[in-house]
Each structure stands twice: as structure tokens, then as C-alpha cells.
Protein chains: 2
Amino acid sequence: MGGLTVVRELISQLPNESIIYFGDTARVPYGPKSPDTVLRYSREITQHLIGEGVKALVIACNTATAHALPALRREFKLPIIGVIEPGSRAAAQATRTGRVGVIGTAGTIKSRAYEKEIHKIRPDAEIAVQACALFVPLVEEGWLDTEPTRAIARNYLAPIVAAEVDTLVLGCTHYPLMKTVIGNVVGREVRLIDSAHETAKETGEVLRARGIDNATPDGARYRFIASDAQDTFLAMGQRFLGTAIDRVEALTLG
Amino acid sequence: MGGLTVVRELISQLPNESIIYFGDTARVPYGPKSPDTVLRYSREITQHLIGEGVKALVIACNTATAHALPALRREFKLPIIGVIEPGSRAAAQATRTGRVGVIGTAGTIKSRAYEKEIHKIRPDAEIAVQACALFVPLVEEGWLDTEPTRAIARNYLAPIVAAEVDTLVLGCTHYPLMKTVIGNVVGREVRLIDSAHETAKETGEVLRARGIDNATPDGARYRFIASDAQDTFLAMGQRFLGTAIDRVEALTLG
């Protein structure tokens with residue numbers, strides 16, 4: 001589901017590009033799964049999408065980017081864009097004090113992928129991290145801005161607030177939907193980095209740099225595939241994307 | 001994870017029986033998945049456990065019981081005990097007013113499996129149902145008795161309270177860990193049915209009826225297998241079961 005925040009940004013920033021989206025609804029959430037399992041699932045999905053003829057691949061999931069991006073880049077030739085490098089770059093550029101916060105799923109935080117990327121650009125950055133495991137189910141249940149959500153957010157984000165960061169990376173594709181609550185807890189003066197937005201920007205740059213962007217307007221088509229519960233996916237998808245999604249195809253993997 | 005509440009009851013009620021437990025940590029949660037997918041996963045696990053030589057099978061998950069029990073009973077010969085029949089029977093016997101509440105995952109509630117079972121015994125029962133999707137992640141994050149948990153419980157359980165039930169089935173194996181919060185919201189006068197407890201009782205009855213129970217003490221051995229993240233499983237398992245679990249084997253399915 002969360003990957004649809006990236007799709008929304010891709011549609012808005014790259015309106016000429018067609019998109020085939022695969023949502024692994026049979027096996028989500030990836031957050032608590034081990035690196036090996038996430039890599040295995042990501043490889044299967046990549047193979048399938050390459051079979052569909054895609055010219056570039058966006059891994060619209062922080063956990064999958066953290067665990068699978070380096071291996072997939074070694075194994076496959078097409079350009080692969082993850083959600084961690086663009087968000088890290090934006091954070092490293094945005095921070096003035098060098099104190100950056102990163103929140104994400106247990107898997108993303110444990111991988112230390114954001115810390116590694118941010119330190120490549122700003123080796124002196126002090127990074128405070130926090131896994132926020134309940135945010136994904138809260139978003140999926142639609143508890144976006146309620147008192148329990150605010151209380152849970154205050155609890156998770158207390159160490160981030162204590163670290164006095166001036167920039168906070170929303171290191172999970174679900175979190176842009178909780179921007180209001182997160183922003184209120186950490187304070188208006190903290191800059192929130194939306195990795196979905198940064199990833200779409202980077203995707204445009206990669207396509208143009210390789211000369212494989214599509215300059216012809218009006219030809220963009222969108223296909224959505226889910227490995228389970230296509231009805232639920234369609235209903236949630238329409239909340240995220242409106243009319244860009246009108247049906248969901250089924251595909252069984254694994 | 002939730003199935004361990006059933007294991008705890010099995011160990012306590014049937015101390016002579018050995019247990020092989022398979023936790024499908026690579027593919028949980030089953031709650032939001034479609035019936036076909038849950039059946040496919042349950043069939044794979046059953047085949048594996050039969051290969052390990054088990055004499056009876058307990059499906060220690062409400063969603064898997066709802067979607068897979070009838071098919072598995074047709075396909076396999078060993079006795080198969082689910083968690084829904086025992087809880088339904090206990091509820092039908094406990095209620096005085098005939099007004100019964102059932103809470104569970106989205107999949108269990110949608111299947112109407114509890115309603116069907118309770119109506120077999122008490123056709124006049126009025127049943128109020130409610131899916132409580134956030135309870136599983138709250139339990140797994142350890143938010144058992146906090147103010148946000150209480151607020152979320154009050155919200156989910158409002159229709160159950162309004163229906164003035166005198167009996168409430170905890171139709172998910174995670175929920176016994178939230179008994180205190182749930183009991184406080186619905187009121188002390190409402191009888192809570194713990195399906196883990198009822199399932200262990202039924203398992204003992206089935207084994208004795210078939211003459212396959214083990215009367216020899218001190219021979220019970222416990223094995224735990226998980227399809228992913230064995231370390232996390234071990235840590236959580238020790239919180240549930242203490243020393244009965246000291247290692248977790250890995251097995252990849254699917």
C-alpha cells in the first residue's frame with residue numbers, strides 16, 4: 001500500500017511515463033521480515049516486472065530498498081532507483097545543525113541504510129533513529145489524526161525530539177500520510193523529508209540522464225497488480241490515487 | 001506469534017504431550033489475506049507437520065481456522081482441531097441473554113465462521129461482531145495496557161458495548177494478552193471466552209476419545225519452527241512461554 005505514495009508523486013512529476021505497479025499484498029508487511037526473505041521476494045518481483053518490459057525499476061519500499069537494492073543492482077542491468085538514497089541526499093542538504101532524525105520500520109532502522117547514505121554526504125552528521133512499528137497499521141486502518149495516534153507518535157518520537165534534530169526523514173512510504181501528526185509532535189521548525197517526493201524527482205533525473213524519458217504527452221498508462229486481496233487494494237488505492245487506478249490485476253508469487 | 005497463547009494452554013492442560021509448533025513469520029499476518037491464500041499457506045504447513053509425524057493438528061490461528069479447516073479436514077486423515085468451534089461452543093453455553101459478541105481480525109470476522117458455529121448450537125443467539133485490526137500489532141509491539149491502547153479498544157468495542165452482550169469471544173489468539181483492557185472496556189459483568197483455553201480443552205478430549213493421548217509423564221518435548229526472523233520469535237516466545245522454548249528452527253516455505 002505504502003508504495004502508492006511514490007506512485008502519486010511519479011504521476012504528478014512525470015506525467016508522460018507509464019507505470020506498472022506490483023503490490024505484494026500476500027506477503028506484506030516487509031518491515032519485520034529478515035533481509036534474506038525480503039531480498040528473495042524483491043528478486044521475484046523484479047524478474048516479473050522485467051518480463052513485463054519495464055525500462056527502469058523504482059523500489060517503492062524502504063525495507064526492500066534497505067535489504068535488496070545493492071544485490072538487485074548487481075544482478076539486473078536496468079536502472080534501479082530506491083527510496084533511501086534520494087531521501088538521504090535531501091536530508092543531508094537540508095540540515096543546518098547536522099542533527100538528522102530518521103524514522104522507519106524495524107527492518108529499515110536495523111539495516112542502518114539511511115545512516116550509511118547520509119554519512120556518505122555528511123560524515124559529521126549526528127543521526128537519531130527510531131523504529132515506529134505501529135505507524136503502518138495505524139495508516140492502513142485510517143487512524144491518521146486521532147488522539148491515540150498522536151499519543152503513540154509522541155511516545156515513539158520522544159528520543160527524536162530529545163535529540164533536537166532540525167531535519168526528519170520519513171523513512172517509510174506510509175509515513176507521508178501521517179505528516180500532520182508527526183509534524184505537530186516534532187515541531188514546525190523541523191524540516192520533514194518525504195522520500196516519496198525525493199524518489200520521484202530522482203527517477204526523473206535518472207530517466208533524463210539516460211535519455212530514456214518519454215517526452216510525448218498523453219500516452220501514460222497505469223497498471224496495478226497485487227498478489228492478494230485485490231478488492232481491498234483497489235479501494236485503498238482509490239483513496240490514494242483517485243481515478244488513476246480503476247482495476248487491480250491478480251498475480252500469485254511464491 | 002498469537003498461536004503461542006494456545007501452546008501455553010496445551011502445555012499447561014496436556015503436560016504429557018509433545019508439541020511441534022510452526023510459526024509462519026515470513027507471511028504473517030494472515031488477518032488481512034484472502035481465503036485462497038490462507039488456505040494455500042495452511043495446506044503447505046499441514047503437509048510439513050504430517051511429514052514430521054504428528055498424530056493430531058491444532059490450527060492455532062483464527063483466520064486459518066476460518067478459511068482452511070473444512071478443506072484440511074477433507075484432505076487429511078489425522079484429527080484436526082481449530083480454535084473456532086471450541087470458543088463458539090463455550091460462548092453458546094455461557095450466554096444467558098443469548099446476546100454474544102465476537103471480536104477478531106478482518107479475515108475472521110468477514111468469514112462469519114463464529115456466527116455459523118454459535119448458531120448451530122443456539123439458533124436464536126444475537127451476535128454482534130467487530131474486526132479489531134490494530135490489536136495484533138499493538139500486542140506485538142507490547143502496548144498491552146496503555147492509554148492509546150485503551151482508547152483504540154473503546155473505539156472498536158463501542159458497538160459491542162451498545163449491543164449489551166453478556167459474553168464476548170476473543171476470536172484471535174493474540175487477544176488473551178489484552179484481556180485486562182478488553183474486560184475494562186466491556187465491563188466486568190461480560191464473560192470473556194478465551195479460545196486458546198477452550199481449544200486446549202477440546203484437544204485433550206479429542207486425543208482421549210481416540211485413545212491417542214499420552215499417559216506417560218515427563219516425556220514431553222517441544223520444538224519451535226519459524227519461517228523467518230527466528231531471533232525475534234525466540235525473544236517473543238520466551239516472554240509467552242518461559243523456558244519451554246530455548247531455540248527456534250528455520251524452515252522456508254513458499
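**Note on the predicted model: cavity, cysteines, sheet and backbone**

1. The largest cavity has a volume of about 40 Å³. The model is predicted, so local features need pLDDT of at least 70, side-chain atom pairs count only at pLDDT 80 or more, and totals for chains, interfaces and linings use all residues. Residues are numbered from 1 along each chain as its sequence is written, chains are lettered from A and ligands numbered from 1 in the order in which they are written, and side-chain values use heavy atoms, with hydrogens and water left out.

2. Cavity terms. The search runs on a 1 Å grid over the protein atoms alone, and a cavity is a set of points where a 1.4 Å probe fits but cannot get out. Lining residues have an atom within 4 Å of a point. Grid points are joined across faces, edges and corners, and a volume is the space filled by probe spheres set on the points. The structure holds one cavity of 30 Å³ or more.

3. Cavity lining. The residues that line the largest cavity are V102(B), T108(B), I109(B), R112(B), A113(B), Y114(B), E115(B) and V129(B). Two elements of chain B give two or more residues each: α5 (106–111) and α6 (113–121). The largest share, three residues, comes from α6(B). Helices (H or I, at least four residues) and strands (E, at least two) are DSSP runs, numbered from the N terminus. By class, the lining has five nonpolar, one polar and two charged residues. Here Ala, Val, Leu, Ile, Met, Phe, Trp, Tyr, Cys and Pro count as nonpolar, Asp, Glu, Lys and Arg as charged, and the others, Gly among them, as polar.

4. Confidence. The model scores ipTM 0.85 and pTM 0.89.

5. Cysteines. How many disulfides (pairs of cysteine sulfur atoms within 2.5 Å) are there over all chains? The count comes to zero. For C61(A), the nearest cysteine sulfur is that of C172(A), 7.4 Å away. C61(A) is partly exposed, at 22% relative accessible area. For C172(B), the nearest is that of C61(B), 7.3 Å away. C172(B) counts as buried, at 5%. The cut-offs: buried is under 20% relative accessible area, exposed over 50%, partly exposed in between (1.4 Å probe, protein chains only).

6. Sheet in chain A. An open sheet of three strands has the order β1-β8-β9, with parallel pairing. Strands β1 (19–23) and β9 (249–250) stand at the edges, each with a single partner strand, so one side of each has no neighbour in the sheet. Two strands pair if DSSP finds at least two bridges between them. Five bridges join β1(A) to β8(A) (residues 222–226). Y21(A) stands opposite F224(A) in β8(A).

7. Cis peptides. Most residues other than glycine have a negative phi, and most peptide bonds are trans. A cis bond joins V28(A) and P29(A), with omega about -5°. P29(A) lies in the loop between β1 and α2 (35–51) of chain A. V28(B) and P29(B) are also joined by a cis bond, with omega about -5°.

8. Positive phi. A229(B), in the loop between β8 and α11 (230–241) of chain B, has a phi of about 45°. A229(B) is buried, at 17%.

How values were computed: 1 Å grid on protein atoms, 1.4 Å probe; cavity = no way out; pocket = protein on both sides within 12 Å on 5 of 7 lines; lining within 4 Å. Disulfide = S-S within 2.5 Å.
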